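Colleague: Before we discuss this model, could you put the sequence and the structure side by side, so that each answer can be followed on them?

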Amino acid sequence: MNTPRFMKRATSLLFLILFSTLQSQNSLPQDYFNNPLDVPIVLAGTFGELRSNHFHSGLDIKTQQREGLAVKASAAGYISRINIQHYGYGKALYIQHPNGYTTVYGHLQKLAPKIKEYLRKQQYAKESYEIELFPEAGDLAVEQGELIAYSGNTGGSGGPHLHFEIRDGSQRPMNAQMFGLDVPDSKKPMIQGVFAYPLGDDAHVNNSQERQKLNLIPLNDGTYTVNQVEACGEIGFGISTVDQQDGAYNHNGVFKIEANLNGDQVFEVNFEKFSFAETRHLNQLIDYEYYTNNKSRVQRLFKTAGNPLSIYGELISEGKLNVKDSLDYQYTIKVTDFKGNEKVVRIPIKGQISDRIQKKEKVETEYLATAQNGLSAKGEKIDIYIPGGSLYEDAYLDISFNGETVKVHKDEIPVHKNFTIGFDVINYSEEEKERLFIARLSDYGRPNYSTTYKKGNRFTTGTRTFGKYTLVKDTTAPRVVPGNFYDGQWISNNETLKVKISDDLSGIDAYRATVNGKFILMEYEYKNNTLTHYFSDDVITETENNLKVIVTDNVGNTNTYTAKFFRK
Ligand SMILES: [Zn+2]
């Protein structure tokens, strides 16, 4: 192709930029993957959306507030992994495709017959509902559009939906919208808050060294501005923003945030792909302290030291601004959704040294934990060991020992790696020790079981959440009651056998059900405290059936429930 001589430099530059953008998008297959549902895609969650300690790794596709919608193979391939968990993705299927990508389908209600049969055999062999299987290429081949499951709400799901993922050859989740799946979206992102952060030691914003929430002023052209910010020194900004697509009011994640200073781009973050190894570093993107206190996630438009996240574009000075006295600046934030709808915030900055600064409250304690070396602390009965690499930044921790309770700061500082809390339990009898566990106390004082390792007179727990920890005794066995039958009943017409199980303190650890001494598979759904057996498993063949359900809590209290039922 001839390049026209009259083409202006600017035009060719634009062409180049357009071409390279199109090329990077087009290098991904655009019509290989189909919508796995028969209903149009309406999202309850976007890729990269900010969640608790992680970025959302897929699309949450709405299923019309119900379960049981047909889930179909997005493309041909074979079932390469079946993962059945109480929590997490619940019942999940993975399909390996010949082009190297993997698709993932989570929170399923039940699986299609041939996959269910394959799974059922293994669950009965292992005598466990929870199981992870890696079928071989020849075991469970699927065609594009083949029914593989029905949508559900299993695992850590807050309502019926399908969690759908596309992963690359290294099992990195990618934004499925980049593969041409159509999600209609004509709505602009919403800006919920904009913040300014003084970062340098002498830096200040609006006469303060503390984070400043800026007052958003909507303009007629649909953009926002704020009152002129007076600042000096090294500062940065943050934004709280969400996006909505057509057909739903869910507050989902945005696709891209860019910032420029006087017209030059200085920051970009985008949600095209990430790796699971980096996902917890989300806590370095957001203002963690603001999040724990206000339940709103502010994305920081600057990169803190040691932040390995791969979701940033090119950054100038890590996105930080060096504001000089007597100079004016224009800082502009642009938030974009996947369809290119955008929202802009313009922030005028006036460089001005202030002599009436509200100083940052600096609390120095005797417990300085460094990012590199961590910290060890010891009370009379309790010790704490925070290894190096647990914290992202050095911090003075508020630690206090009070008998058998320890306060390890507040959940305002993110912790990356487990730290250990050890308790001396020499004063307890062997019997008491059995029923004792380490709990994290909620803000309201409610004890939550923290996995407790017991070795002689020393109990330890590993945790990644700061807060109050104490010893709690649980002497009450779990509760087990029939769900859809009563003892001695004829239930020939029932399709399922349901039992309700719960535990008041340490929580359910294990359950096992037998009929006439033979293992029966029961599916545990923690959200409604129910164990369900499907008679279609065809393992209950007698008329008179003696059911036995043994449920154990996390400290070993056991309840053995027995009942009789009849079927013909
Ligand atoms: Zn999801």
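Colleague: How many cavities of 30 Å³ or more does the structure hold?

Modeller: This is a predicted model, in which local features need pLDDT of at least 70 and side-chain atom pairs count only at pLDDT 80 or more, while totals for chains, interfaces and linings use all residues. Residues are numbered from 1 along each chain as its sequence is written, and side-chain values use heavy atoms, with hydrogens and water left out. A cavity is a set of points, on a 1 Å grid over the protein atoms alone, where a 1.4 Å probe fits but cannot get out, whereas a pocket is an open set with protein on both sides within 12 Å along at least five of seven lines, and lining residues have an atom within 4 Å of a point. With that size limit of 30 Å³ or more, the number of cavities is one.

Colleague: Which domains each supply at least three residues to the lining of the largest cavity?

Modeller: The largest cavity, of about 90 Å³ (the space filled by probe spheres set on grid points joined across faces, edges and corners), has 14 lining residues, with Thr 46, Gln 177, Gly 253, Phe 255 and Phe 338 nearest its centre. By domain bounds from an automatic or database assignment, the contributors of at least three residues each are domain 1 (43-179) and domain 2 (190-351).

Colleague: How many charged residues are there in the lining of the largest pocket?

Modeller: The largest pocket has a volume of about 1800 Å³, and of its 41 lining residues the closest to the centre are Glu 289, Lys 360, Glu 393, Asp 394 and Ala 395. Counting Ala, Val, Leu, Ile, Met, Phe, Trp, Tyr, Cys and Pro as nonpolar, Asp, Glu, Lys and Arg as charged, and the others, Gly among them, as polar, the lining divides into 16 nonpolar and seven polar residues, and the charged ones number 18.

Colleague: Is the pair of Tyr 32 and Phe 33 stacked or edge-to-face?

Modeller: The whole structure has 22 aromatic pairs, where rings of Phe, Tyr and Trp (its six-membered ring) pair if their centres lie within 6.5 Å, and planes under 30 degrees apart count as stacked, over 60 as edge-to-face and the rest as tilted. Because the planes of Tyr 32 and Phe 33 stand at 75°, with the ring centres 4.9 Å apart, the pair is edge-to-face.

Colleague: Over which ring does the charged end of Arg 567 sit?

Modeller: A charge sits over a ring if NZ of Lys or CZ of Arg is within 6 Å of the ring centre and within 35 degrees of the ring normal. Lys 568 meets this over Trp 490, at 5.8 Å from the ring centre, while for Arg 567, at 3.6 Å, the ring is that of Phe 535.

Colleague: What is the phi of Asn 262?

Modeller: Asn 262 lies in the loop between β20 (256-261) and β21 (264-270), strands being DSSP runs of E with at least two residues and helices runs of H or I with at least four, numbered from the N terminus. Asn 262 is not a glycine, yet its phi is positive, at about 50°.
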